[in-house]
Amino acid sequence: MNFLAHLHLADNSNTSLAANLAGDFAKGNIADLPKHLQQGIWLHRQIDQLTDSHEITKELLAKFPVSLRRAAPILIDLAFDHMLAKYWDEYHSASLKAFSTIAYDAIDACEQLPERLQLIAPKIRSENWLLAYRDRNGLNKAIESVAKRVSKPEIFNGATKAVSDLDIEIEIAFRTFYPQLMAYSRIWTRQTPSEYLHLD
């Protein structure tokens with residue numbers, strides 16, 4: 001899952017939006033991280049672990065061209081965000097535009113975020129990354145942006161075409177898997193280790 005899904009799952013589980021997003025940027029032992037971020041980062045890691053190991057995801061990975069196998073996990077994360085944005089009204093009562101503003105405000109208001117997240121937070125808002133996921137052009141731009149940031153951008157050669165070609169397979173996988181992930185995120189929230197809970 002990518003940014004939008006992690007933020008949505010945080011909202012779905014009534015946990016910190018900013019802390020869940022921080023999971024993409026936080027490394028190391030959770031106990032060494034700021035206390036108010038620990039539950040969200042723990043939940044983020046549970047979500048990523050299940051996504052990476054689930055049979056639905058593995059089956060979808062196998063459908064990508066061999067040349068894209070290294071990039072495929074990232075492409076699936078981005079494509080799932082696109083599917084969530086495209087069909088947003090089926091998964092949330094607020095509009096995607098309204099939710100995006102809530103998410104941006106939560107990120108801006110959160111203290112002690114990982115440095116890399118602090119650096120890109122203004123860009124996330126100014127370029128409206130969450131809303132941009134709704135259309136194919138926004139998804140393609142996200143793929144191209146990620147490709148520019150990796151050490152071997154050639155592993156993304158042909159990525160936008162492959163994701164487009166697998167559009168139906170990606171939607172079926174997303175619609176099958178994501179409701180399960182929503183349920184798991186609520187269960188995991190209740191099972192958060194007590195040492196990771198931030199009690200006011």
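Helices (H or I, at least four residues) and strands (E, at least two) are DSSP runs, numbered from the N terminus. The model is predicted: local features need pLDDT of at least 70, side-chain atom pairs count only at pLDDT 80 or more, and totals for chains, interfaces and linings use all residues. Residues are numbered from 1 along each chain as its sequence is written, and side-chain values use heavy atoms, leaving out hydrogens and water.

View 1. A salt bridge is a side-chain nitrogen of Lys or Arg within 4 Å of a carboxyl oxygen of Asp or Glu.

**View 2. Arg125 and Asp108 form a salt bridge**. Their closest N and O atoms are 2.8 Å apart. The pair links distant parts of the chain, with Arg125 in helix H7 and Asp108 in helix H6 (residues 96–109), 17 residues apart. Arg125 is partly exposed at 32% relative accessible area, and Asp108 is partly exposed at 45%.

**View 3. Leu78 is buried in helix H5 (residues 72–86)**. Its relative accessibility is 2%, so Leu78 counts as buried. Leu78 touches residues including Tyr133, Leu139 and Ala142, contact meaning heavy atoms within 4.5 Å. Leu78 and Ala142 are 64 residues apart in sequence but 7.4 Å apart in space, C-alpha to C-alpha.

Note on methods. Buried means under 20% relative accessible area, exposed over 50%, partly exposed in between (1.4 Å probe, protein chains only). Lists of a residue's contacts leave out its neighbours within four places in sequence.
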